[in-house]
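Visitor: Please take a close look at a single residue in this chain, and then at the part of the chain around it.

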Amino acid sequence: MTKVSRLPLRQDVWDRIFSLFVGTLADQRDKKKLSKFIDDFFSPTEKIMFSKRLAAAVLVAKGHDYVSIRQILRVSPPTIAKLSLKIKYGGEGLNPVIESIFKKQASQIIWEEIESLFDVPTKGNLKSPARFVRNIKRKQKIRELKSEF
C-alpha cells in the first residue's frame with residue numbers, strides 16, 4: 001500500500017485538492033484520454049488495487065461468496081468484508097456506481113437479444129448455417145455478459 005505523509009493537511013487545502021482531483025476525473029469524457037491519464041498518474045500497484053476493489057464490490061453486490069471472490073481476485077477477506085459493509089449499510093457513493101454498472105450490463109444483454117429478434121431468415125433459407133452460427137455466438141455472448149463482473 002502506498003504511504004501517506006504523517007503531516008496532516010489543513011482541511012481547506014484537502015477540500016480544494018480533492019475537489020480538483022475529482023473534477024479532473026469527472027471532466028474526462030474520452031476513455032482513451034482518461035486511460036492515459038490513469039496510466040501516467042497512478043502506479044501499477046495503485047491501478048491494480050483500485051480495480052480489484054471495484055471488481056470485488058461488484059461481485060459482493062451480485063451475491064458471490066467471499067471464497068469465490070478471494071479466489072478470483074486474490075483479495076483479502078478484510079477487504080471483501082469492508083466492501084460488503086459499505087454496500088449493505090452505507091455506500092452512498094459506491095451503490096449508485098454499482099447500479100450503473102449493472103444497468104450497463106443489462107442494456108448490453110437487451111441489445112444482444114433485440115439483435116437476435118431481427119436476425120430473420122431470408123426467403124427459402126430457414127436453416128441457414130450462417131444464421132445458426134450467429135445465434136450460437138449471440139447466446140454465448142449473452143451468457144458471458146451475464147456472468148461478467
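This is a predicted model: local features need pLDDT of at least 70, side-chain atom pairs count only at pLDDT 80 or more; totals for chains, interfaces and linings use all residues.

Guide: Ser68 sits in helix α4, which spans residues 66-73. Its side chain makes a polar contact, at 2.9 Å, with the side chain of Asp65.

Of the 149 residues in the protein chain, 19% count as buried. The accessible surface of the chain is about 12000 Å², and carbon and sulfur atoms hold 61% of that area.

In soluble globular proteins, nonpolar side chains tend to be buried together. The largest nonpolar core here has 14 residues, and the members that touch the most others are Ala57, Ile69, Leu73, Ile87, Leu94 and Ile98. At least two residues of this core come from each of α3 (44-62), α4, α5 (77-89) and α6 (94-117). The most is given by α3, with six residues.

Ile98 shows the packing in detail: with neighbours within four places in sequence left aside, Ile98 is in contact with Ala57, Val58, Ala61 and Ile87. For the protein chain as a whole, among contacts with a separation of 6 or more, 51% are between residues 24 or more positions apart.

Terms used:
Residues are numbered from 1 along each chain as its sequence is written. Side-chain values use heavy atoms; hydrogens and water are left out. Helices (H or I, at least four residues) and strands (E, at least two) are DSSP runs, numbered from the N terminus. A polar contact is a pair of N or O atoms within 3.5 Å; within protein, one must be able to donate a hydrogen and the other to accept it, and residues adjacent in sequence count only if both atoms are side-chain atoms. Buried means under 20% relative accessible area, exposed over 50%, partly exposed in between (1.4 Å probe, protein chains only). Contact means heavy atoms within 4.5 Å. Accessible areas come from the Shrake-Rupley method with a 1.4 Å probe; for residues, only the protein chains shown count as cover. A nonpolar core is a set of buried Ala, Val, Leu, Ile, Met, Phe, Trp, Tyr and Cys residues joined through side-chain atoms within 4.5 Å.
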